[in-house]
Amino acid sequence: MSTTPNPTPAPKAAPAATKAAAAPKPAPAAVAPPPTPPQRLVSLDAYRGLTMFAMASGGINIRQVALKFPDSPAWRAVAYQFEHVAWVGCSLWDMIQPSFMFIVGVAMVYSCASRQAHGQSWGRMALHAAWRSLVLVLLGVFLRSSRVDYTNFMFEDVLTQIGLGYFFLFLLWNRHPALQFAAAVVLLAGDWALFYFYPLPPEGFDYSTVDLKADWPHLSGIAAHWDKNTNVAAAFDRRFMNLFPRPAEFVTSPGGYQTLNFIPSLATMIFGLLAGELLRSGQSAWKKFGWLVVAGFVSLGAGWALDHWGLCPLVKRIWTPSWTLFSTGWVLLALALLYAVVDIFGFRRWAFPFIVVGMNSILIYVMAELLPSWFLGRLQAHLGFGGNFFTLWGLVPEVYSPLVQGIAVLTIMWLVCYWCYRQKVFIRI
């Protein structure tokens, strides 16, 4: 009789707790580290400080002194550099505004990267950019109204021009460099076409109706489309400005500045955006320096060529496309030099007075617009001691007293900025 072997007993089921302990735990999901806040670009603070120092100084009244020596070629040359060119051309003083507007573009790259690193969403940053645009425009109007007894709706000064373009600049932030560059080219080409296709004044036109004197040196040929007060931007302002309440009808802007300048000057800020992206990139420091220098000479040459060949005159007051390229070239070269000296070689001590100003640029700008006369009055009242403080009680010839005034006011404004710097008080919008 055959026998069947006993079957092997089935193992007992393990307790649920044991199963859970034995099962391998899933690996935790990888969490991307937050973006690292960008390191501060010291050369940018130094450049902004130099620019604001010059803007706030009013040239420390060097031009007023120079004009007292009309027979001196040296003083005439100095006077030229400390005043805006009447129309076509460029002086040192003309480079202040493009420097400041270009720096706005560079600074936006670092500012937005810092906000992003602290967790701000694109929407929140967009709202801040829109708010900043509005505040800059309103602040510009307020400062233009500070010396008159009515609201002076003018939109051609540096703050309102930045404000009008700032939000559009933000929309281009963090985009591909090719798109940013294309946007700048389209703006400049469109601005050129807008002026070129606007009709010239008819024969026999009375130029006195647009505040031009009989001896005004009119432009000719293609360049005539960018002549003072007869161009398309001037025609736009004669309509646009009269939409706002004002004591008298608006005819022309003092100096020929126009609201539509914000279109080509937005291109200046876009070029700053491109430079900021370059400086934040992972390329070596010397490679960045090289790109800035090459771009500077190319831009400078392109702007000069447009003016030289008569295709578009070099006019800062209406921010012609040739001026945009020409001034951007100089700004790029200046930034490259400061970047090499301050950030590559590390020579920073000399820049400290300018860094103090650059970190409170809005503060010194507002002081320079509102307070110089008050500062001068207080200095004379409290330090005159019965004499003229601005000749240092006779030690300085009267002819140089404007220079003493300029230095005194600039020193006070710098000390205010220095106190704020020490207290870590920085006025920002």
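**Salt bridges, core and pockets**

User: How many salt bridges does a search of the whole structure find?

Analyst: A salt bridge here is a side-chain nitrogen of Lys or Arg within 4 Å of a carboxyl oxygen of Asp or Glu. This is a predicted model, where local features need pLDDT of at least 70 and side-chain atom pairs count only at pLDDT 80 or more, while totals for chains, interfaces and linings use all residues. Side-chain values use heavy atoms, without hydrogens or water, and residues are numbered from 1 along each chain as its sequence is written. The whole-structure search comes to a total of six.

User: Let's start with D45. Which residue does its side chain meet in a salt bridge?

Analyst: D45 is buried, at a relative accessible area of 3% (buried means under 20%, exposed over 50%, partly exposed in between, with a 1.4 Å probe and protein chains only). Its partner is buried too, at 13%, and the N to O distance is 2.8 Å. The partner is R48.

User: And how many residues apart are R144 and E369?

Analyst: The side chains of R144 and E369 meet in a salt bridge at 3.2 Å, N to O. This pair links distant parts of the chain, with R144 in helix α6 and E369 in helix α14. R144 is partly exposed at 24% relative accessible area, whereas E369 counts as buried at 17%.

User: Which residues are linked with R144 and E369 in a network of salt bridges?

Analyst: The R144 and E369 pair, at 3.2 Å, is part of it. The network has four members, and besides R144 and E369 they are R147 and D157.

User: What is the closest N and O distance between R348 and D343?

Analyst: Here both partners are partly exposed: R348 has a relative accessible area of 39%, and D343 has 21%. They do form a salt bridge, and its closest N and O atoms are apart by 3.6 Å.

User: Which helix supplies the largest share of the lining of the largest pocket?

Analyst: A pocket is an open set of points on a 1 Å grid where a 1.4 Å probe fits, with protein on both sides within 12 Å along at least five of seven lines; lining residues have an atom within 4 Å of a point. The largest pocket has 50 lining residues, and H84, R144, R147, Y365 and E369 lie nearest its centre. Helices that each supply at least two residues include α2 (42-57), α14 (361-370) and α15 (372-383). The largest share, five residues, comes from α16.

User: Which helix gives the most to the lining of the second largest pocket?

Analyst: This lining has 34 residues, and those closest to the centre are R48, A107, S111, R132 and R428. Among the helices supplying at least two residues each are α2, α6 (122-144) and α7 (158-172). With 10 residues, the greatest contribution comes from α5.

Key: Helix = DSSP H or I, 4+ residues; strand = E, 2+ residues; numbered from the N terminus.
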